[in-house]
Structures are given as structure tokens and as C-alpha cells.
Amino acid sequence: MKYLYFIWKNLTRKKLRTSLTVLSIVVAFILFGALGSLSAAFTQGAEIAGADRLVTIHKVSLIQPLPSSYVNRVRNVEGVSKVTFASWFGAYYQEPRNQFAQFAVDAESYFDVYSDLLSLPEEQMQAWQNNRIGAVIGTTLAERFGWKVGDRVPLFSMFPQEDGNRTWEFVIEGIFSAEASGADSGSMLFHYEYFDEARQWDKGTIGWLMIEVEDPAKAAQVADNIDALFVNSPAETKTSTEKAFMESFMKQFGDIGAITTMILGAVFFTMLLVAANTMAQAVRERIPEMAILKTLGFSNHSVLMMILAESILMALLGGLAGLILAWLLVNGVATQVAAFLPGFSMPPSVWVKGVLAIVLLGGLAGLIPALQGMRLNIVTGLGRR
């Protein structure tokens with residue numbers, strides 16, 4: 001710490017060069033924070049998936065419906081504890097850009113299966129169950145549109161009603177909250193019965209089933225037994241653990257983790273070259289001064305540590321500023337993207353990885369110049385004057 005002032009003065013000697021390098025690092029770590037948060041949002045669904053839950057979809061594709069009669073048949077499978085189901089609604093509020101997730105569900109069983117992730121006050125649950133056109137929304141969705149209990153909300157859906165009208169009306173009867181970090185609090189849930197009775201086509205079908213098993217260790221066997229029920233039927237099924245289902249679903253968008261890793265790797269390598277060039281120029285300009293320091297009693301180790309500290313300080317200035325700006329950016333758009341990426345935020349893991357990357361960047365950028373300064377011969381250095 002006693003050399004901090006000396007290190008700072010050396011760093012700010014060439015203000016324009018240092019400022020440009022720091023700004024480049026800021027931009028790099030804005031990308032680091034934003035892309036890291038994006039990758040975390042794509043994987044968090046699998047991370048919070050219940051070990052005792054299965055998901056059953058049509059064997060051909062998730063968008064192919066299943067007969068609603070499958071629900072009771074699956075309930076009778078040995079090892080099954082609870083069953084619920086959902087159907088995608090595909091609607092928007094007022095304008096096409098106001099899209100979010102809506103699901104037609106069974107009000108009695110849905111929150112029972114997902115009690116570890118979602119919470120709805122009992123009085124609101126009762127009000128919802130007693131209102132045919134009632135709906136409940138997540139806290140994030142309520143904040144996004146300013147909705148509250150009692151509001152009447154019209155949605156324009158891809159599903160027409162029997163009279164051809166595509167505008168469906170709902171009454172907000174409750175607001176549920178996420179019990180686990182990353183759980184979906186940006187969606188709307190409403191009664192399947194209302195949806196199925198009023199829609200023009202695909203009556204008597206559901207989108208997928210969510211199943212809670214008695215023993216997670218036997219989940220694979222239960223999944224096989226469920227699929228065996230519907231072999232050679234018009235709608236064969238594919239059952240997997242909730243985690244496997246989420247991972248498979250996210251891979252439809254591509255391997256986000258690999259993509260972000262490649263991008264960040266390229267950015268990190270570029271910034272390493274920029275920062276290393278800055279440090280190399282700074283050390284080259286101060287060779288006579290470092291020789292004088294050594295004549296005054298500074299050890300080779302001291303010179304090495306001062307140059308490394310200067311490089312790491314430069315990286316810290318840019319990197320921490322970039323992470324803070326990334327955090328502000330992510331928080332600023334979190335509500336807007338909640339419909340597509342529930343729980344989008346900058347998790348602590350991104351901060352930790354970011355700080356480690358900053359220190360690594362600073363250390364590697366200053367390593368070669370620091371070694372040159374440590375090995376500098378006093379006579380040779382003074383001869384540069």
C-alpha cells in the first residue's frame with residue numbers, strides 16, 4: 001500500500017492512453033456482464049427444476065397437443081404422486097410488442113405441483129377458483145403493466161373463440177410470487193375449462209403434463225411407464241425429467257453457454273492485447289527511471305510488483321466500472337424481457353467471475369513488462385538516458 005501513490009502517478013502519466021485503454025476495458029466488461037447474465041437466465045430454469053417432477057409432451061413436438069384424457073390415465077400410473085397440465089395461449093396485450101407467457105391450467109392442481117416455486121395467498125386462490133374468467137399473474141408481470149387485483153384485462157390471442165372473436169377477457173384475481181430465484185413470475189395463469197369451452201378448435205386437448213413422482217430415484221422408470229401407456233396411439237408421448245426437458249428446450253435456441261463463452265473469449269483476448277500493449281509502452285518509456293529506482297535500493301521484486309499492481313489497477317478501474325454499468329443495463333431491461341427470460345438478472349456468479357477475469361486480465365497484461373523491469377540491468381537502463 002505504501003507504493004499506491006507512486007503506482008497511481010505512473011498510471012496517469014499518459015492520461016489519454018490510459019483513459020482509452022480503461023474505456024476499452026469498460027466496454028469489454030459491459031459485454032461480459034450482459035452476456036453472462038443472458039447465459040445464466042437461459043440455464044436457471046434447469047437449475048431450479050424439481051428432481052421429483054417429470055414433463056410429458058407429444059413425441060413429435062411440444063407444439064403438438066395431447067388428449068385431455070391422458071391426465072387421468074397418467075394419474076393411475078404407479079409411482080405418480082400428483083399430475084397437472086397446461087396449454088399455451090399465445091396472446092398479447094393491446095399491441096403485438098406487449099407479449100408475455102399465458103397458460104391455461106388446472107387451478108386446483110397447478111400450484112400444488114409447483115408449491116416449491118410459486119406462492120399465491122389463500123384468499124386470492126379461492127377468488128380465482130370461483131371466477132370462470134379469473135386469472136392470476138406473477139409479480140413481475142404486475143409491475144410491468146401496473147395491473148392489480150380486480151383489473152379487467154383483454155388479450156388478443158392466436159386462438160379464436162367460437163364466434164370468431166380473438167379478444168379474450170380476464171379478471172385479475174391474484175398475484176403470485178416466486179419462492180425460488182429464477183422462478184417464473186412474469187406469466188399469467190387462467191382456467192383451462194374457460195379456454196377449452198370457448199375456443200373454436202382443438203377442444204379436448206392440452207399442451208403438456210407436469211408430473212410429481214413419489215420417489216425421485218424411480219423417475220426414469222415412471223417416465224418409461226407413462227410413455228408405454230400411449231405406444232402406437234395417435235398421440236404418442238415423450239416423458240423426461242423437468243431438468244432434461246428444460247435443457248432440451250433451451251438448446252432449441254442454440255448452445256447459449258458455448259456461444260457466449262466464445263464471444264467473451266474473443267473479447268478477453270483482444271483486451272489482453274490492448275492492455276498489454278499499453279503496459280509495454282509505459283514500461284519502455286520508464287526504463288531509465290526504473291534503473292534509478294534500483295540504484296536507490298528498490299529490489300527486483302519491488303519493481304516487478306509495482307508494474308503488476310499498475311496493470312491490475314488499470315484493469316480494476318475499467319472492469320469494475322463495466323460490471324456496474326452491465327448491472328444497471330440488465331436491471332433496466334429485466335422487466336421488458338421477463339416474458340421471454342423469467343428471472344433475467346445479473347447473479348452473484350457473474351460478479352465473481354467478472355472480478356476474477358479482471359484480476360487475470362491485469363496480471364497477464366502486466367506480466368511480460370513486469371518481468372522485463374525486474375530483469376533490467378542498472379547500467380543498461382541508465383544508458384538509455
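## Basis

This is a predicted model, in which local features need pLDDT of at least 70 and side-chain atom pairs count only at pLDDT 80 or more, while totals for chains, interfaces and linings use all residues. Residues are numbered from 1 along each chain as its sequence is written, and side-chain values use heavy atoms, with hydrogens and water left out.

Helices (H or I, at least four residues) and strands (E, at least two) are DSSP runs, numbered from the N terminus. Strand S8 covers residues 152-157, and its side chains alternate between two faces. Val-153, Leu-155 and Ser-157 point to one face and are buried, where buried means under 20% relative accessible area, exposed over 50%, and partly exposed in between (1.4 Å probe, protein chains only).

Two strands pair if DSSP finds at least two bridges between them. S8 runs antiparallel to strand S4 (residues 91-92), joined by two bridges; Tyr-92 has Phe-156 as its bridge partner in S8. With strand S9 (residues 167-178), S8 pairs in the antiparallel sense over five bridges, and Arg-152 stands opposite Val-171 of S9.

## Helix H5

Helix H5 spans residues 122-129, and Gln-124, Met-125 and Trp-128 in it are buried. These residues lie on the same side of H5, because they cover an arc of only 105° around the axis; the arc is that of the directions from the helix axis to the C-beta atoms. The cover over the buried residues of H5 includes S5 (101-105), H4 (107-113), S7 (134-138), S9 and S10 (187-191), with contact meaning heavy atoms within 4.5 Å.

## Salt bridges

The structure holds nine salt bridges, each a side-chain nitrogen of Lys or Arg within 4 Å of a carboxyl oxygen of Asp or Glu. Arg-152 forms one with Glu-169, the closest N and O atoms being 2.9 Å apart. Arg-152 lies in S8 and Glu-169 in S9, so the pair ties together parts 17 residues apart in sequence. Arg-152 counts as exposed at 53% relative accessibility, whereas Glu-169 is partly exposed at 37%.

Asp-112 and Lys-82 form another, with closest N and O atoms 3.2 Å apart. This pair links distant parts of the chain, Asp-112 in H4 and Lys-82 in strand S3 (residues 80-88), 30 residues apart.
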